[in-house]
Amino acid sequence: FLFMGLAALPSIQFWQRLLNFFREFVRQPEYAYKEYVSKRKVHLYTLFQIIFFAGVFTVQNFKAIAIVFPFMTLLCIPGRLYLMPCFFKGWELALLDGSDEEIDEVEHAKEAEAATEYKINDYFEEDEKYNMDSDDEDDGGRFMYKKESTFRTQNSESS
C-alpha cells in the first residue's frame, strides 16, 4: 500500500500545489488554473486545504475528541460552499477544484473575454464585425458569436 500511495502522489493535484510552494513559477506543471488564477490565490487555496486537513487530522488523533471526526469531516463541505467563495471568485474555484467540464467552460469563457478585451473587431473589415454579446448562448451555455454584415447603401454613403 505504501508503494501504491507513493506512486500516485505525482498525479494528485493537492500534492502538486503543495510542491509549488517550493518551485519556481516557470518550473510548475501546466494546469488550467496556472494560466488564469494568480499564484497568490493558488497558494491561498492550498493553505485552506492544509487547514482543513490539519483540523480533521487533529480531531482523528486525539482520543478524547475522536468521536467528533465525522462531524469535522462534514464541516469541510460548508467550508468549501460558503467560506471559500468569500475569498475566491466562482471561476477561480471552478479552475482549482472543478470537474473537467467546468474547467473547459471557464477556459472557453476566459478566451472569449480575452478576445473581447483585445478588441478582436478592430482586426476585421467594417463589413465583417463579430457580435460579442453575452446574451447569445446556445443550449450548452457556451457563447455564440454571430457574424454581422454591415450593408452600406448609397444614401448612407452620401450623407
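I started with the largest cavity, which comes out at about 60 Å³. On a 1 Å grid over the protein atoms alone, a cavity is a set of points where a 1.4 Å probe fits but cannot get out, and lining residues have an atom within 4 Å of a point. Grid points are joined across faces, edges and corners, and a volume is the space filled by probe spheres set on the points. I found 1 cavity of 30 Å³ or more in the structure.

Note on the source: this is a predicted model, where local features need pLDDT of at least 70, side-chain atom pairs count only at pLDDT 80 or more, and totals for chains, interfaces and linings use all residues. Residues are numbered from 1 along each chain as its sequence is written, and side-chain values use heavy atoms, with hydrogens and water left out.

Who lines the largest cavity? I listed Asn 20, Phe 25, Gln 28, Tyr 33, Lys 34, Val 37, Lys 39, Val 42 and His 43. Helix H3 (32–36) and H4 are the elements giving two or more residues to that lining, and H4 gives the most, with 3. Helices here are DSSP runs (H or I, at least four residues), numbered from the N terminus.

Next I looked at the largest pocket, with a volume of about 200 Å³. A pocket is an open set with protein on both sides within 12 Å along at least five of seven lines. Its lining is Phe 14, Tyr 45, Gln 49, Phe 52, Phe 53, Cys 76, Arg 80 and Met 84. H4 (39–61) and H5 (69–83) each give two or more of these, and H4 again leads, with 4 residues.

Then the cysteines. I got 0 disulfides from a search of the whole structure, the cut-off being a pair of cysteine sulfur atoms within 2.5 Å. Cys 76 counts as partly exposed because its relative accessibility is 24%, while Cys 86, at 62%, counts as exposed. The scale runs buried under 20% relative accessible area, exposed over 50%, partly exposed in between (1.4 Å probe, protein chains only).

Last, the largest nonpolar core: of its 14 residues, Tyr 33, Tyr 45, Met 84, Phe 88, Leu 95 and Leu 96 touch the most other members. Such a core is a set of buried Ala, Val, Leu, Ile, Met, Phe, Trp, Tyr and Cys residues joined through side-chain atoms within 4.5 Å. H6 supplies the largest share of this core, 4 residues. Leaving aside neighbours within four places in sequence, Leu 95 has contacts (heavy atoms within 4.5 Å) that include Tyr 33, Val 37 and Ile 103.
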